[in-house]
Amino acid sequence: MPYNHIALIGLGLISASIALSIRRKDKNTKITGTSRSLETRKKADELGICEVRDNPVEAVKGADLIILCVPVGAMASVVQEFAATLKPGVTVTDVGSVKAAVIAKIIPILPTGIDFIPGHPLAGTENSGPESGFATLFDNRWCILTPLKGCSSEALKRLRFFWEGLGARVDEMDAEHHDLVLAVTSHVPHLIAYTMVGVADDLANITKSEVINYSAAGFRDFTRIAASDPTMWRDVFLNNKDASLEILGRFSEELTSLQRAVRRGDGELLFDYFTRTREVRRRILEAGQDTDAPNFGREKND
Ligand code: NAP
């Protein structure tokens, strides 16, 4: 590990996975962490995730890397709690699913001399809390860093090396581009899943339990995504408004054109469209970003 002491602010799925992933290979790096509630702090302590501290000021004391692992909307308020205690030379990063809004809120709070390098590991599940963390979460998954202009190249190199040590592949891009890419690949798909499950839930009132009992694979996959943490996803849409609306606009246009094809019985259009989308799936498998095992290789409760 390129750091002696890593502090985790927030003890949930992502931070617990970071701690467990570090411990897989490295027993010496000191890992401290804290969470807002006593309940989560106790749980993390029982699970042995890290040395649990009562508050962010205690958790960051002496750390050379601080990782913010709270919902995007809470990033600024947690930084506010410890910012004044930071010493020059410390690197602060985050794992938030949105980048531009987080940067805009954090930069004014951090004292000078601190290397702030925003990040986002593209790995996760629909589960929350320290008990859902696992050591292999980042293996072969991408972690996107969105370094700011004038960022220390040495600090950036260390952070890249850190994520590679957790098994991730690292890429860099600017924050706005990240937010647009993620709106396509993650944010809007989640909104669509939430919507579809909401529609089915409305129908469930008419058809009683049929939607639940006879749910086919397509709907079940939507429900898995739509079970994701409401706080995290509320914050994603509040903080990635423009890119989400841009992609939703395009989605609505495509949906309208498919709707027209269904109404007109335009089988050729539907077939060509579905052939094109099948190709996207093939390319994702080829890139090693999913598996074609039954149920996508997920365990029953994964
Ligand atoms: P999680 O398991 O739900 O854990 C959230 C943590 O944040 C908990 O420690 C929680 O504290 C704390 N927290 C929640 N609201 C807070 C607030 N208002 N103020 C201070 N602390 C607060 O979440 P996660 O899945 O690890 O996600 C953490 C971050 O990673 C988010 O920014 C998310 O966008 C990003 N991310 C998530 C995924 C994913 O798939 N889950 C993937 C990539 C990135 P208490 O439990 O003590 O209340």
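## The loop at Asn140

Asn140 sits in the loop that links β7 (119–121) and β8 (142–145). Helices (H or I, at least four residues) and strands (E, at least two) are DSSP runs, numbered from the N terminus. This is a predicted model: local features need pLDDT of at least 70, side-chain atom pairs count only at pLDDT 80 or more, and totals for chains, interfaces and linings use all residues. Residues are numbered from 1 along each chain as its sequence is written, and side-chain values use heavy atoms, with hydrogens and water left out.

Asn140 is not a glycine, yet its phi is positive, at about 65°. Its relative accessibility is 35%, so Asn140 counts as partly exposed. Buried means under 20% relative accessible area, exposed means over 50%, and partly exposed lies in between (1.4 Å probe, protein chains only).

β7 and β8 pair in the antiparallel sense, over 3 bridges. Two strands pair if DSSP finds at least two bridges between them. Gly119 stands opposite Leu145 in β8. On to β9 (residues 169–172): β8 runs parallel to this strand, and 4 bridges join the two. Here Cys143 stands opposite Val170 in β9.

His120 belongs to strand β7. It counts as buried because its relative accessibility is 6%. Setting aside neighbours within four places in sequence, His120 is in contact with Asp94, Val95, Gly96, Ser97, Lys99, Trp142, Cys143, Ile144, His178 and Leu182. Contact means heavy atoms within 4.5 Å.

## The six-stranded sheet

An open sheet is built from 6 strands in the order β3-β2-β1-β4-β5-β6, with parallel pairing. Its edge strands are β3 (51–52) and β6 (115–117), each pairing on one side only. Strands of a sheet pair through backbone hydrogen bonds, either parallel or antiparallel.

Strand β1 (residues 5–9) and strand β4 (residues 65–68) run parallel and are joined by 4 bridges. Ala7 stands opposite Ile66 in β4.

## Helix α2

Thr40, Arg41 and Ala44 are buried in helix α2 (residues 38–47). They cover an arc of only 100° around the axis, so they lie on the same side of α2. The arc is that of the directions from the helix axis to the C-beta atoms. The buried residues of α2 pack against β2 (30–34) and β3.

The face turned away from the buried side of α2 carries exposed residues: Leu38, Glu39, Lys42 and Glu46. Gly48 follows α2, and its phi is positive, near 70°.

## A nonpolar patch

Met196, Val199 and Leu203 form a nonpolar surface patch, with about 240 Å² of accessible area together. Patches are made of residues with over 30% relative accessible area and no salt bridge; like charges are joined within 9 Å, nonpolar side chains (Val, Leu, Ile, Met, Phe, Trp, Tyr) within 5 Å. A salt bridge is a side-chain nitrogen of Lys or Arg within 4 Å of a carboxyl oxygen of Asp or Glu. Accessible areas come from the Shrake-Rupley method with a 1.4 Å probe; for residues, only the protein chains shown count as cover.

Leu203 is found in helix α7 (residues 175–207). Its relative accessible area is 42%, so Leu203 is partly exposed.

## Thr291

Thr291 lies in the segment after α12 (267–286). With a relative accessible area of 30%, Thr291 is partly exposed. The C-alpha atoms of Thr291 and Ala74 are separated by 34 Å, and the two residues are 217 residues apart along the chain.
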